[in-house]
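Below is a set of questions and answers about one protein chain. The sequence and the structure come first.

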Amino acid sequence: MDLRIVSLPPFRAASSGLVQDCDFSPEGALGKFNEYFSAITPSPRDGFMPRDFLCFDGESGGMVWLYALSEGMDAGGYEVVDCEGGCYVTYVYRDGDEETNGRRYQEAVAYIEASEVLELDVRPGHLSMGHIITPPEIIAAQGWAQMETFIPIKLKKERKECLD
């Protein structure tokens with residue numbers, strides 16, 4: 001399995017708030033949030049990094065969609081939250097292929113649990129999340145997108161103490 005370990009910096013984000021119905025239609029809360037941030041054109045210096053992250057809150061069973069804001073960006077009336085960033089194990093799959101996503105998620109968690117230096121770091125405000133990495137014009141041309149999943153991790157406490 002191809003896994004990456006990445007680090008995201010702390011950032012401020014507009015938040016859809018917790019959404020239970022996962023309605024991506026134009027009338028639904030997630031559809032409206034998508035419309036808000038899809039209308040934003042980031043400056044060239046900000047255009048290369050992922051800006052939106054769809055987070056699943058396993059405790060509540062709902063979703064929260066975040067859009068990373070740069071200084072001066074309009075939050076569109078949405079709540080602004082502070083995200084602490086951190087380290088993540090990531091993998092890619094075809095968006096909508098939940099069978100592959102589930103299998104790869106379990107493989108990634110098994111990798112983390114077997115690690116001598118890493119452990120899961122899922123907690124309130126620090127959730128697994130996903131981001132569509134395929135440019136919109138490619139999605140339109142081929143009819144599908146790739147999703148990258150981010151699973152929060154940290155160094156094991158005993159390992160961290162050895163490094164201090």
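Q: Which residues have the most contacts inside the largest nonpolar core, and which element gives the most to this core?
A: The model is a predicted one. In its largest nonpolar core, of 14 residues, the residues with the most contacts are Leu8, Phe11, Phe53, Leu66, Tyr88, Met129 and Phe150. Two or more residues come from each of β1 (4-8), β2 (11-15), β3 (52-57) and β4 (62-69). With 3 residues, the element that gives the most is β4.

Q: How many residues are in the other core that lies apart from it?
A: This other core includes Ala14, Tyr36, Phe37 and Ala75. Its residue count is 12.

Q: Which residues does Tyr88 touch, not counting residues up to four places away in sequence?
A: Tyr88 is among the residues with the most contacts inside the largest nonpolar core. Beyond four places in sequence, Tyr88 touches Arg4, Ile5, Val6, Leu8, His126, Leu127, Met129, Phe150, Ile151, Pro152 and Ile153.

Q: With which side chain does the side chain of Arg4 make a polar contact?
A: Not counting residues up to four places away in sequence, Arg4 touches Tyr88, Val89, Thr90 and Glu148. A polar contact at 2.7 Å joins the side chain of Arg4 to that of Glu148.

Q: How far apart in space are Arg4 and Gly130, C-alpha to C-alpha?
A: Along the sequence, Arg4 and Gly130 are 126 residues apart. In space, their C-alpha to C-alpha separation is 14 Å.

Q: Is Phe33 buried or exposed?
A: Phe33 sits in helix α1. Leaving out residues up to four places away in sequence, Phe33 touches Ala14, Ser15, Ser16, Trp65, Leu66, Tyr67 and Tyr78. Because its relative accessible area is 0%, Phe33 is buried.

Q: What distance separates the C-alpha atoms of Phe33 and Phe48?
A: Phe33 and Phe48 are 15 residues apart along the chain. Their C-alpha atoms are separated by 21 Å.

Q: Which backbone nitrogen does the side chain of Thr134 reach?
A: Thr134 is placed in the loop between β8 (129-132) and α3 (136-142). It counts as buried because its relative accessibility is 9%. Beyond four places in sequence, Thr134 touches Ile139, Gln142, Trp144, Ala145 and Gln146. At 2.7 Å, its side chain reaches the backbone nitrogen of Gln146.

Q: What volume does the largest pocket have, and which residues lie nearest its centre?
A: The lining of the largest pocket has 16 nonpolar, 7 polar and 4 charged residues. At least two lining residues are supplied by each of α1 (29-38), β3, β4, β8 and α3. The volume of this pocket is about 830 Å³. Of its 27 lining residues, those nearest the centre are Phe37, Asp52, His131, Ile132 and Pro136.

Q: Which element gives the most to the lining of the second largest pocket?
A: About 570 Å³ of space lies in this pocket, and of its 24 lining residues the closest to the centre are Cys55, Phe56, Met63, Ser128 and Met129. Elements that give two or more residues to the lining are β3, β6 (86-94), α2 (98-114), β8 and β9 (146-155). By class, the lining has 13 nonpolar, 7 polar and 4 charged residues. The element that gives the most, with 5 residues, is α2.

Definitions and conventions. Residues are numbered from 1 along each chain as its sequence is written. This is a predicted model: local features need pLDDT of at least 70, side-chain atom pairs count only at pLDDT 80 or more; totals for chains, interfaces and linings use all residues. Side-chain values use heavy atoms; hydrogens and water are left out. Helices (H or I, at least four residues) and strands (E, at least two) are DSSP runs, numbered from the N terminus. Buried means under 20% relative accessible area, exposed over 50%, partly exposed in between (1.4 Å probe, protein chains only). A polar contact is a pair of N or O atoms within 3.5 Å; within protein, one must be able to donate a hydrogen and the other to accept it, and residues adjacent in sequence count only if both atoms are side-chain atoms. Contact means heavy atoms within 4.5 Å. A nonpolar core is a set of buried Ala, Val, Leu, Ile, Met, Phe, Trp, Tyr and Cys residues joined through side-chain atoms within 4.5 Å. On a 1 Å grid over the protein atoms alone, a cavity is a set of points where a 1.4 Å probe fits but cannot get out, and a pocket is an open set with protein on both sides within 12 Å along at least five of seven lines; lining residues have an atom within 4 Å of a point. Grid points are joined across faces, edges and corners, and a volume is the space filled by probe spheres set on the points. Ala, Val, Leu, Ile, Met, Phe, Trp, Tyr, Cys and Pro count as nonpolar, Asp, Glu, Lys and Arg as charged, and the others, Gly among them, as polar.
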